[in-house]
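Please look at the sequence and the model first.

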Amino acid sequence: MNPPRLTDTTLRDGSHAMKHRFTSEQVRAIVTALDEAGVPVIEVSHGDGLGGSSIQYGFSLEPELDLIAEATRTARRARIAVLLLPGIGTKDLLERAAELGVRVARIATQCTEADISEQHFGIAKKLGLEAVGFLMMAHIRPPEVLVEQAKLMESYGADCVYIVDSAGAMLPPDVKARVSALKEALSIQVGFHAHNNLGAAIGNTLAALEAGADQVDGSLRGLGAGAGNAATEVLAAGLDKLGLNPGLDVFRLMDAAEYVVAPLMPYQPVPDRDSLTIGYAGVYSTFLLHAKHVASRFGLDARDILVELGRRQAVAGQEDWIVDVAVDLVEQEAGQRHAS
Ligand SMILES: C[C@H](O)CC(=O)C(=O)O
Ligand SMILES: [Mn+2]
């Protein structure tokens, strides 16, 4: 195992749990703390990436380009990364992010749709950015399919491709099989991004490292969608104990989690009844708060909605299905009452 490169995604995946309400002041405090603790890459964007601020995904409190500008102004050593989902983020937004000093573009597609990312990798490389591919919802396909998709991203110019456990539905053997298949097939780096819905985010990240992952993600206090991500400070402590610390200051990260991030969190993401359902049923983690909201609007149990979304294999961008499922469940209940 080698010391991995760590990307902290508190200010991007954490945006989901914050309902996209980060302020410039919070960005400054979090970037300062991460930068001083030696975190080399800090991702800052709306939870659904550049251009995500919308009625479908939730509006950002402050314009995301302002938050990104705050991050690039603040970081002394760390590189600032942005996330872009083709179809949501635009070329124009990526260019503006690069002008603001962003150095890494993470380009995310559904794990079966890498072919839609060619143009975006081309633009990122032309802008001189490091380009990282994200294969989302990677639990739904076997390693050989993910290899084909990752090879597409490699051919488009990706410097690294991530296995993304968007649903937090994987366990260590699933992670190992996928990461080692990519390691064998690609000549570029391989990364892993965890969600903690089955309580396995740290274990899965360590399994990814055992399988040869070069890059991994974390977020302070695990702040992220669903039951959150692998907690950066926990990961740093674990890596240090394994002799794999890539230069992170473990105590500074503990302090950042405790004193900078915890006080601003609306709740601590944990594998509770609903987010555990997400991992168990294999649902996109970002659906959690939307499903809870729709459940209370329609007088339904969020778990029933999430189980049905898992059965329908809903993916990123299909947030509107949550309402469709709720309407179907209400109609089913009415039909059953009528029949009895
Ligand atoms: C847009 C998503 O939130 C990307 C991600 O972090 C995931 O799929 O997990
Ligand atoms: Mn995520």
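Ala, Val, Leu, Ile, Met, Phe, Trp, Tyr, Cys and Pro count as nonpolar, Asp, Glu, Lys and Arg as charged, and the others, Gly among them, as polar. On this scheme, the shell around ligand 1 has six nonpolar, seven polar and two charged residues. A residue is near a molecule or strand if its C-beta atom, placed from the backbone, lies within 6 Å of it. There are 15 residues around ligand 1, and those that come nearest are Asp13, Asp48, Met136, Val164 and Ser166.

This is a predicted model, in which local features need pLDDT of at least 70 and side-chain atom pairs count only at pLDDT 80 or more, while totals for chains, interfaces and linings use all residues. Residues are numbered from 1 along each chain as its sequence is written, and chains are lettered from A and ligands numbered from 1 in the order in which they are written.

Helices (H or I, at least four residues) and strands (E, at least two) are DSSP runs, numbered from the N terminus. Two strands pair if DSSP finds at least two bridges between them. A barrel is closed by eight strands in the order 1-2-3-4-5-6-7-8, with parallel pairing. On average, neighbouring strands of this sheet are turned by 25° against each other, direction ignored. Axes are lines fitted to C-alpha atoms, for helices over the stretch in contact, and angles run from 0 to 180 degrees between N-to-C directions. Strand 3 and strand 4 run parallel and are joined by four bridges. Ala81 has Val104 in strand 4 as its bridge partner.

| Helix | Residues |
|---|---|
| Helix 12 | residues 287-298 |
| Helix 14 | residues 321-339 |

The axes of helix 12 and helix 14 come within 10 Å and cross at roughly 35°. Two residues are in contact if their C-beta atoms, placed from the backbone, lie within 7 Å. Helix 12 brings Phe287, His290, Ala291, Val294 and Phe298 to meet Ile322, Val323, Ala326 and Val330 of helix 14. This contact has eight nonpolar, one polar and no charged residues.

Domain bounds come from an automatic or database domain assignment. The protein chain is divided into domain 1 (5-263) and domain 2 (286-339). Their contact takes 13 residues from domain 1 and nine residues from domain 2.
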